[in-house]
Amino acid sequence: MVKIKNEGILLVISSPSGTGKTTICKKLLEYDKNIHLAVSVTTRKKRKNEVEGIDYYFRTKKDFLNLKSQDAFIENAFVFDNYYGTLKSEVLEQLKNGIDVLIDIDWQGTRQITQAMKGNLTKIFLLPPSINELKKRLSKRNSDSMKEINFRMSRALKEIKHFDEYDYVLVNNNLDNTFQQIVKILETEKLKLSKQPYLFDFVEKLSLT
Ligand code: 5GP
């Protein structure tokens, strides 16, 4: 019998900005303390409410490129005029120790990480209920300038085009419903044989009796 390792689940969530992804990720982290949020490195400016080391590691372009040349990233991409990257140190060790890891990245990063993990991950894409709703949500934020909002709207449409590269696609009509759907996905993923290595011993004992 081939034994499998007790590795955590790698959950990737993508969506255009303003689809409620950040709120849902926070809710998920509160709900399940076994999930580690992989904090990304970015060269983007820190927003008012953001905290270094919690929301992002805010770095200069020079520092980012240094990390890249040291092969520190499992994926990295240029998104909205800034560099973003997921550190290997935020993902690999945790998975190996059976800790589930959540990453909030764009479609470019998702493609790279799919290759790096040889498909051993769960990918969720969130769609806004409508473009008007997305516009409303982006304008309400106040944390970005009008120019930035318009730019993000055009990028949102480009991000949405990649929805079919994901395993699960949810329309975020209602935050609580979407959150419940993600909890269900996580619970289902945990039932995969590859995530229940103890079943091999269990079945061995069953066959002895
Ligand atoms: P924001 O600047 O609004 O926090 O994020 C902008 C976009 O960058 C979002 O779509 C977010 O998912 C994506 N993003 C954040 N961190 C990373 C990362 O480490 N890698 C990649 N590829 N995208 C990221």
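Reader: Is the crossing of H1 and H7 left-handed or right-handed?

Author: Please note at the outset that this is a predicted model. The crossing of H1 with H7 is right-handed. These are helix H1 (residues 21-31) and helix H7 (residues 175-190), whose axes come within 10 Å and cross at roughly 55 degrees.

Reader: Why are H1 and H7 called oblique to each other?

Author: Angles from 65 to 115 degrees count as roughly perpendicular and those under 35 as roughly parallel. The axes of H1 and H7 cross at roughly 55 degrees, and the two helices are therefore oblique.

Reader: Which residues of H1 and H7 meet?

Author: From H1 come Thr23, Ile24, Lys27, Leu28 and Tyr31, which meet Leu175, Asp176, Thr178, Phe179, Ile182, Val183 and Glu187 of H7. Sorted by class, this contact has seven nonpolar, two polar and three charged residues.

Reader: At what angle do helix H5 and helix H6 pack?

Author: Helix H5 (residues 131-140) and helix H6 (residues 146-160) pack at about 140 degrees, with axes 10 Å apart. That angle makes H5 oblique to H6, and their crossing is right-handed. In H5, Ile131, Leu134, Lys135, Leu138 and Ser139 make the contact, and in H6, Ile149, Arg152, Met153, Ala156, Leu157 and Ile160. By class, eight of these residues are nonpolar, one is polar and two are charged.

Reader: Which residues line the largest cavity?

Author: The lining consists of Glu7, Gly8, Ile9, Leu10, Leu95, Met117, Asn120 and Lys195. Four of them are nonpolar, two polar and two charged. The space in this cavity is about 40 Å³, and the count of cavities of 30 Å³ or more is one.

Key:
Residues numbered from 1 in each chain as written. Predicted model: local features only at pLDDT ≥ 70, side-chain atom pairs only at ≥ 80, totals over all residues. Heavy atoms only, no water. 1 Å grid on protein atoms, 1.4 Å probe; cavity = no way out; pocket = protein on both sides within 12 Å on 5 of 7 lines; lining within 4 Å. Points joined across faces, edges and corners; volume = space filled by probe spheres on them. Nonpolar A, V, L, I, M, F, W, Y, C, P; charged D, E, K, R; others polar. Axes fitted to C-alpha atoms, helices over the stretch in contact; angles between N-to-C directions. Helix = DSSP H or I, 4+ residues; strand = E, 2+ residues; numbered from the N terminus. Parallel < 35°, antiparallel > 145°, perpendicular 65-115°, else oblique. Left-handed = near helix turned anticlockwise from the far one by under 90°. Contact = heavy atoms within 4.5 Å.
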